[in-house]
Every structure is written in C-alpha cells, then in structure tokens.
Amino acid sequence: MAPEPNGYPTLGHVKGLLVPFIYARLYKGKFLLRFEDTNPRVEKLEYYDAIRNELGIILEAAEKELGLSPGKWDEEIIESNDIPKMYVYAKKLIEDGNAYVCTCPAPVVRRNRNMGVECEHRDQPVDKNLELWEMMLDGGFKEGEAHLRLKTDMRHPNRTMRDPGIFRVIEHPHPIHGDRFRVYPTYDFSISVEDALTGVTHAHRSKEFEPHVEVQRTILRMLGLRQYEMIQFGRVTVEGIPLSKRYFRPLIASGILSGWDDPRLPTIRGILRRGIDPRALVRFFYDLGPSKADVTISMSAIFAENRRILDPVSPRFMFVPNPIKMVIMEAPKKLEADIPVHPSKPEMGVRRILLESKDGEVEIYISSDDLKQLKEGEELRLWRLANVRVRSIMADEVTAKYVPSTRTDVKILHWVPTSKYTPVKLFRPLSVYSYEIVGGYGEPEMAKLSVGEKVQLVRYGFARVDSIQDGTVSLIFSHE
RNA sequence: GCUCCGGUGGUGUAGUCCGGUCAAGCAUAGGGGCCUUUCGAGCCCCAGACCCGGGUUCAAAUCCCGGCCGGAGCACCA
C-alpha cells in the first residue's frame with residue numbers, strides 16, 4: 001500500500017489497505033507500506049505517524065478477525081529516500097532520447113495536450129536536454145519554469161499519455177529531507193521506479209489511476225525495468241459524507257469540529273473514538289470485497305458489524321436520560337435488584353442495588369423520554385427491581401404504587417436510585433456540523449468505568465467512555 | 001466531448017480470465033418461528049438476482065457484436 005502522507009487516513013483508505021494485505025497474506029507474499037512523498041507542499045511528518053498508527057491498528061485487528069498473520073506490514077519504504085536513484089534513471093531517459101526538458105508555461109502545455117500539438121523543446125538535441133536538466137537540479141530554474149517530460153505521443157487517445165511530466169521543481173522544504181532536493185519526480189515516474197526496484201509483483205491501486213497504467217508501463221519499458229501486475233479496485237464513499245481533507249480542514253480550523261479525531265469524522269481515529277472496534281471495520285471491508293465497482297457504504301452497515309462484535313462482551317448499564325423522579329408508595333422495607341453485567345453471560349457477574357423505603361416510599365429516577373407512553377393506572381416493570389402501578393404523572397414527579405408481582409409481559413423501564421447515581425454526559429454525533437448532548441444519570445457502578453471502555457446502555461445503545469471528570473462520565477454514543 | 005472501467009436478489013459482493021460441477025454461493029436488510037426480566041444477539045425456516053437485444057455453441061452470468069445505464073480519468077497532485 002502506498003499512501004501519500006498528506007492527511008489523516010479515513011474510511012476511504014481502509015479498502016486500499018485491506019485488499020492488498022489480504023491478498024499478500026493469502027498468497028504468502030509480502031505486504032509493503034510505502035510512503036509516496038514526492039510532493040512536499042502537502043506532506044507533513046505528523047501524517048506519516050498517523051498513517052503508521054492507524055494502519056497498524058487496522059492490521060492488528062485483521063490478524064485477530066481474519067486470522068491472517070502477521071498483522072502488520074513486512075517492510076516500510078519511504079519513496080523520497082530514493083530520489084537520487086531516480087535522478088540517475090532520469091538521465092538515462094534523456095540520453096536515450098526518451099525525455100526532454102520543456103520550459104513552456106503551464107497554460108501552453110495544457111493547450112498543446114488538448115489539441116495534440118508538439119512544442120519546440122520536444123526535438124532539442126540530447127546535449128541541450130542534459131544541460132537544461134543539470135540546470136534544473138542546480139537551481140537554474142524556479143518552480144514552474146522547467147519540467148522533464150517523457151517523449152511519447154502528443155496525439156495519443158489517452159491524454160495522460162501525451163508527453164507526461166516526470167520531474168518538476170518544487171521550492172518547498174520536504175518534511176524529511178528539508179531542502180536537500182529541489183527537483184521531485186511525479187507520481188507516474190516515482191512509483192514505476194519504486195515498484196520495479198522494491199520487488200513489487202502486484203500493485204493495487206484505486207480505479208482513478210487506471211489511465212496511468214499505460215504511462216507506467218511505458219516508463220518501465222523505456223528504462224528496461226521489470227514489469228508487474230497492476231490491479232485496480234473501486235472507490236469507497238460514505239453515504240453523503242465526503243472523505244476529502246479539503247472539506248474537513250476548514251471545519252477543524254474554525255472549531256466546528258474538535259480535531260481530526262472528532263467522532264463525527266470518517267477519519268479512522270474519529271471512528272475509533274466513536275467506539276467502533278477496528279475488527280468491525282475489518283469484517284466490513286472484508287465482506288465488501290475487492291471489486292472494481294464504486295460503492296457507497298452506509299455507516300449503519302458498519303454499526304451492525306460493531307454490534308455483532310460488542311454485544312457478546314460489553315457490560316450493560318442502566319442510563320436514564322432526561323431523568324424525572326418516581327415515588328413508589330406502599331413499598332416494602334427493602335427492595336433489591338440484581339443487575340447482571342451481561343444477561344446471557346452469568347459469569348460476568350451481577351451488581352446488587354439495594355433500596356430502602358422511608359415511610360413506605362422509595363424514590364428512583366426514570367427517563368422522561370419513557371413518560372410519553374405511560375398511562376395512569378398502568379402496570380409496569382422496573383427492570384430487575386419490582387412492578388409498580390402508575391398513579392399520577394406530573395411535570396416534575398411521577399407517583400406509583402408497589403405491586404407484588406414479577407409479571408414481565410408489561411412495559412419494562414430502566415431506572416437509577418435517587419440516593420446514588422453517576423452523572424452522565426452523552427455526546428451524540430448527528431452530522432459533521434452538529435451533535436446533541438444528552439444529560440442523565442447512570443447506575444452508581446458507572447463511576448468505576450475507565451476511558452476507552454465500551455458499554456451497552458440498556459434499551460439505549462452502545463457508547464464509549466471518552467473522559468471522566470469530577471465524577472461525571474462523558475460518553476460518546478456509538479450507535480443503537 | 002474524448003479515454004478507460006463497471007452493470008449478479010432491496011443493498012454489498014463471489015463466480016466472468018480458462019463456457020458445463022451456477023435452475024447461481026456468501027453477507028446484510030425483509031418475513032415467520034424458537035429463546036429471552038433490556039435492546040441486540042443467537043438458533044431454525046421462508047422469500048428474493050445474472051442490464052437489454054442479437055450471435056457463436058450440444059451448452060453462456062461467463063465468449064463475440066450492438067445498445068442502454070452507472071462510475072472514474074482527462075492537473076507539470078497523488
């Protein structure tokens with residue numbers, strides 16, 4: 001896989017990562033991570049690290065979920081390290097009459113390309129080209145003033161084949177090499193040389209590069225380098241949300257999004273922070289397959305995978321959003337509830353919540369969201385605690401009467417004691433631009449959670465603990 | 001407009017290179033049942049597809065031709 005370190009990896013990168021990884025492991029090949037860093041204007045050191053980190057997490061999960069090991073890349077290559085070698089190949093192209101230095105301004109080149117016209121530099125003698133090339137390297141040209149161009153066919157039906165530029169001057173420090181270079185290879189040239197040199201046998205790229213296959217084959221042929229398979233796969237988009245950095249950058253700069261790990265973002269770190277298990281991503285993209293068709297995925301499909309992974313292992317907690325007090329009258333002295341950590345896994349244990357009545361009354365919180373469906377006189381079950389009959393519903397309080405039954409064919413509500421509870425702040429992502437904060441109370445035991453834990457809020461959904469401050473637990477809502 | 005690439009149940013795919021084992025596999029969503037003191041999940045069952053038209057062949061999802069629809073590229077960016 002060969003990402004450009006020009007941003008934080010997103011959901012869009014996962015297919016490009018997993019397709020070649022799975023392919024390599026299945027066929028006992030090697031999986032290479034190569035940084036395509038030949039345009040220093042957009043690349044930054046922090047992105048190399050983000051890519052290493054995020055891809056590492058996904059591959060580790062792939063090892064667990066798919067049993068393909070080792071779940072990491074076999075070798076890391078930094079393309080820019082080989083720029084000196086590429087200069088040597090460039091010189092060879094010039095000497096063989098396969099490349100020339102062109103000093104036409106960009107608009108002229110564009111016009112010539114469109115119309116299939118050759119410029120006067122095309123037929124310069126080799127000596128002249130060599131001289132100009134040395135000038136390029138020595139700083140004799142400013143950015144945009146000169147380009148080394150492949151001599152192919154200016155009337156080729158595939159326009160990317162019309163004398164493509166292969167080296168250009170960029171006057172901008174490189175994140176790794178600083179100002180060591182001022183002439184950088186372009187995409188087609190650098191990957192052709194790198195793939196051939198590093199022993200790549202099967203290069204997977206996304207579909208938009210298809211027209212470039214011909215250019216790269218031409219470069220390999222002219223240089224006498226080894227040919228290899230070039231395989232394309234379709235692009236992934238997420239229902240409506242663009243995956244482009246251009247779109248998110250201003251939202252982050254303006255503070256609408258909190259950063260590249262904002263849980264509303266389709267960046268890998270955003271998704272993980274939201275509480276998606278990396279194995280869910282792996283499973284999802286594995287099922288998506290390597291096809292060449294472009295697909296629009298929906299987050300709900302990823303959520304379904306996540307639920308499948310989390311459901312069997314995540315502890316349950318009662319969370320009461322928008323709480324309202326309920327007074328239970330005629331209650332026995334003691335009411336106890338044994339709350340299972342996981343209803344179908346007794347080995348995960350139970351928590352006992354004990355409520356003592358005062359003057360025959362017990363107080364709990366229920367969610368006012370549940371209130372709308374309640375009728376006076378209705379019997380309902382407080383989960384694992386007791387049955388009650390609703391007496392009155394007022395704006396700030398509900399009263400009910402204890403019923404000594406354990407019927408479960410009535411509405412079941414969850415609750416927390418008023419005497420002891422954990423304040424909970426839940427962040428619900430709505431769109432890239434918006435979110436909702438839901439406040440409420442959780443079971444006392446929730447105070448013991450730690451950051452990063454994933455829980456299931458009973459009858460509410462899955463959430464991940466994002467932070468804990470002064471006893472208040474901040475959760476990020478993952479999905480239902 | 002030009003170049004290239006796709007089109008398999010509601011959705012996402014496998015199969016297409018090397019025609020038969022594909023009256024088409026898998027997943028997800030849908031319907032029904034079981035289980036369950038949350039919601040999921042789990043288990044069982046049901047239903048559902050080869051873009052269209054020609055051709056080649058004993059035989060076509062698969063090969064050929066024509067059409068229709070969709071996507072990508074057409075930056076001295078990757």
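User: Which residues does Leu-281 touch, not counting residues up to four places away in sequence?
Analyst: Keep in mind that this is a predicted model. With those sequence neighbours left out, Leu-281 touches Val-14, Ile-58, Ile-276 and Ile-302.

User: And which residues touch the most other members of the largest nonpolar core?
Analyst: Leu-281 is one of them, along with Val-14, Leu-17, Leu-18, Phe-21 and Ile-58. That core has 41 residues.

User: Which elements give two or more residues to this core?
Analyst: Helices H1 (11-26), H2 (45-66), H9 (268-274), H10 and H11 do, and so do strands S1 and S8 (229-233).

User: How many residues are in the second, separate core?
Analyst: That one has 39 residues, including Tyr-365, Ile-366, Phe-462 and Ile-476.

User: Which one gives the largest share?
Analyst: H11, with four residues.

User: How do the residues of that surface divide into nonpolar, polar and charged?
Analyst: You get 18 nonpolar, 14 polar and 18 charged.

User: New topic, the open sheet. What's the strand order?
Analyst: The order is S3-S4-S5-S6, and the pairing is antiparallel. S3 (99-102) and S6 are at the edges with a single partner strand each, so each has one side without a neighbour in the sheet. Ignoring direction, neighbouring strands are turned by 20° against each other on average.

User: How many bridges join S3 to S4?
Analyst: Four bridges join S3 to S4 (residues 147-150). Ala-99 stands opposite Leu-150 in S4.

User: What packs on the sheet?
Analyst: Helix H3 does, touching S3, S4, S5 and S6. The direction of H3 makes about 100° with that of S3.

User: Last one: why is H6 largely enclosed by the rest of the structure?
Analyst: Because eight of the eleven residues of H6 (residues 187-197) are buried. Among them are Phe-189, Ile-191 and Val-193, but also Asp-188, Glu-194 and Asp-195.

User: What covers those buried residues?
Analyst: The cover includes strands S1 (32-35), S5, S6 (183-185) and S7 (202-206), plus helices H3 (83-95) and H7 (212-223). Just after H6, Gly-199 takes a positive phi of about 80°.

Key. Residues are numbered from 1 along each chain as its sequence is written. Chains are lettered from A and ligands numbered from 1 in the order in which they are written. This is a predicted model: local features need pLDDT of at least 70, side-chain atom pairs count only at pLDDT 80 or more; totals for chains, interfaces and linings use all residues. Ala, Val, Leu, Ile, Met, Phe, Trp, Tyr, Cys and Pro count as nonpolar, Asp, Glu, Lys and Arg as charged, and the others, Gly among them, as polar. A residue is buried if 20 or more other C-beta atoms lie within 10 Å of its own, exposed if 12 or fewer, and partly exposed in between; C-beta atoms are placed from the backbone. Two residues are in contact if their C-beta atoms, placed from the backbone, lie within 7 Å. A nonpolar core is a set of buried Ala, Val, Leu, Ile, Met, Phe, Trp, Tyr and Cys residues joined through C-beta atoms within 7 Å. Two strands pair if DSSP finds at least two bridges between them. Axes are lines fitted to C-alpha atoms, for helices over the stretch in contact, and angles run from 0 to 180 degrees between N-to-C directions.
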